[in-house]
Amino acid sequence: MISLAELLQAVTAYDPDFDRDPVQRAYTFVQKKHSGQTRASGEPYVSHVTEVALLATRLQLDSSSIVTALLHDTVEDTGVTLEHLSEEFSPEVASLVDGVTKLNKINFSSQAEKQAENFRKMLLAMAEDIRVLLIKLCDRTHNMRTLEYLSESRQLRIASETMEIYAPLAHRLGINWMKSELEDLSFRFLKPKIYMDIRESVATRKEERENYIERTSSLVTRELEQNNLSGEVTGRPKNFYSIYRKMDLQGLVFEEIYDLIAFRIITDSLMDCYATLGVIHAAWKPIPGRFKDYIAMPKPNGYQSLHTTVIGPEGSRVEIQIRSQEMHDIAERGIAAHWAYKDSQEGRPTEIKDAARNSAQFAWLRDLVESESLHSDPVEFMSIVKEDLFPEEVYAFTPAGELLAFSSGATPIDFAYYIHSEIGDHCLGARVNGQQVALDYQLQNGDTVEVITSRSQHPSKDWLNIVATSKAKQRIRAWLKNQEQSKSVSVGKELLSRDLKKIKFNYNKLYKSGEVEAASESMGYGDVDSMLSEIGHGKIATDDVIVRLLPDEKDLDDKLTGEETAIQKIFNRAARAFGERASVKVNGINDVVFRFAKCCDPLPGDEILGFVTRGRGVTIHRRGCSQAMSYDKRRIIAVEWDDKVQSFRRIRLQVLSLDKIGILAAMSHCISNGGANIVSAQVAASPDGKAVNTFEVKVENSSQLEIIKNSLENLEGVIKVERHKIKKEEV
């Protein structure tokens, strides 16, 4: 475990005047709060938070960040409140801890939704203070270093998340060493056999490689000295994942990869970088197409360096990076180093905190925040995040000479939307380097793009297949949605009017009286058109609205004649064809028309309640269903399962597992042993060694379903089990 003295020494190395007191108090605090807690490895839990704090010192973060790194799990794992942290340390520290804390105490419907909600919170927090993400990355790095102690299914889930989200984020922040380490650690668990093959191949050449690095470094140093230049020359093997990527993309085997070693020359100044490049190209023949000037055109994350590949000593291909010391620090520490260099007089912590809000380099972060506000569907949001975080970049110029970076495959439409939404909406074409091109032309590095617009031009669905950036896709979808709005409102009004007419209600009268508006407000819609649009799109049923338009039961009773009650009158109006026969009693009567709510799909054994629904009898919900609780409580009616009647209901289970021999048979055995009948089964294997197994089964009650799910989750090789809805037309 990292001692307090080691931690303080690490901070003092880059900030001799830092405030030691809060770090010392935080170190003592976490030892007490995490006392008795252990990790899966068997180590004391406090060893994790001290390692995270030490990683934060490698980024040379400020004192508040080091304190936060120590405290980052206290709220989640020890019961300490944010208020306590604010009083004990500072509101700033409490805010940072809150940003890093995961949302484990909230119940989510799926792992994908949980991942998205966690990322949403972190995204909004890091937009306010980028240190939240820096600390989170340190936390994830140490967790990945100790991933071997978790179960195989958790290893796969966490490694996938790291490769898809956290390694790209480290790249976006310019922290190259962390990005490479996270990629290699994820690669180790996602493709263990390939990882070990590459690792062993690299290890067998270790002595040969080290000798070659020493010889080549000496030759390069001598060439520089002969030209009155100085520079620190180092060589290192490429990380395992980058080797695998090259093998995979180019269809090569390990023995065919020649540039396994990357050399780096750190010079004294920017001018020396170009002078050094000239010396290298004069001494060894450069390979055409392998030179990149990231000094003149920095990467969006601020990375600057000259990259070239030459036929080096002994006829081997040698990749060389040339940069100044300042550029090197920024490449290693990313945002923290960048803002320290930018203005050391104003103080680094303030600059780091404000970077995401003010820097042009963090336009990608502001775009993600905008995406978060536009996407209510968590799965769709995460697909946008993964698409945006780690693109291959292409650089293009505006006619005024401004350099813009885009995802590889970007088109003039992406360029137009980057400039302004209005320009994108009316993009007719573009002139690239003076020549007119089509909308699907893919931008190339160095292109100068002039957008051509027309007021008569509008987005189409086909554009979604052309554009490459999430910003363009969002704007196109927004325009299309607005165009469909009026149509969906009209359809929704027609459907609601039709169903109201069936039960002798008039839509226009209800609208004029304000009852339709009241119903839309009670359902959380800002206006009637929004509610009608949802009906038109099929997102809500007309009966969900009609139940809110029902008059009070007393008012109905006053209008009815004979012995029928209001509720019975409603039942009699319902077409029995809409109901479902099963083991449910309504008010003690077992011959009443009812249907099961699609929003919660109750099973026998669940606690249930009923809602009177005009035209369709009673709708059965699970007690606690969020949609049910938003209804008028006066419409609630007592319902219960009839234990004397046995019925089976079809449900769909989706099981994510490893793709290995015998696992399908083992899953089928679990379901059969649970007493359920398998109606159908589908298996879809993926190239990453996983499989999605979909079972439709008939179960008797919720207890039986829970037993089956638990049995499946305990199978070796099963990653997660989820229950999915079966649409009515599939039944």
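## Overview of the predicted chain

Of the 731 residues of the chain, 49% count as buried, and the model from which this value is computed is a predicted one. The secondary structure of the chain comprises 32 helices and 21 strands. When contacts between residues at least 6 apart in sequence are considered, 65% of them join residues at least 24 apart.

| Helix | Residues |
|---|---|
| α3 | 46–58 |
| α9 | 131–145 |
| α11 | 176–190 |
| α12 | 192–204 |

The axes of helix α3 and helix α9 come within 9 Å of each other and cross at roughly 125°, an angle that makes α3 oblique to α9. On the side of α3 the contact is made by H48, E51, V52, L55 and A56, while α9 contributes I135, C138, D139, T141, H142, N143 and R145. The crossing of these two helices, α3 and α9, is right-handed.

Helix α11 has 15 residues and reaches 21 Å from its first C-alpha to its last, which is close to the 21 Å expected at 1.5 Å a residue. Its buried residues are W177, M178, K179, L182, E183, D184, L185, S186, F187 and F189.

Within helix α12 lies S201, and the side chain of S201 reaches the backbone oxygen of D197 at 2.9 Å. S201 counts as buried because its relative accessibility is 19%, and buried means under 20%.

Technical notes
Residues are numbered from 1 along each chain as its sequence is written. This is a predicted model: local features need pLDDT of at least 70, side-chain atom pairs count only at pLDDT 80 or more; totals for chains, interfaces and linings use all residues. Side-chain values use heavy atoms; hydrogens and water are left out. Helices (H or I, at least four residues) and strands (E, at least two) are DSSP runs, numbered from the N terminus. Buried means under 20% relative accessible area, exposed over 50%, partly exposed in between (1.4 Å probe, protein chains only). A polar contact is a pair of N or O atoms within 3.5 Å; within protein, one must be able to donate a hydrogen and the other to accept it, and residues adjacent in sequence count only if both atoms are side-chain atoms. The expected span of a helix is 1.5 Å times one less than its number of residues. Axes are lines fitted to C-alpha atoms, for helices over the stretch in contact, and angles run from 0 to 180 degrees between N-to-C directions. Angles under 35 degrees count as roughly parallel, over 145 as roughly antiparallel, 65 to 115 as roughly perpendicular and the rest as oblique. A crossing is left-handed if the near helix is turned anticlockwise from the far one by less than a right angle, and right-handed if clockwise. Contact means heavy atoms within 4.5 Å.
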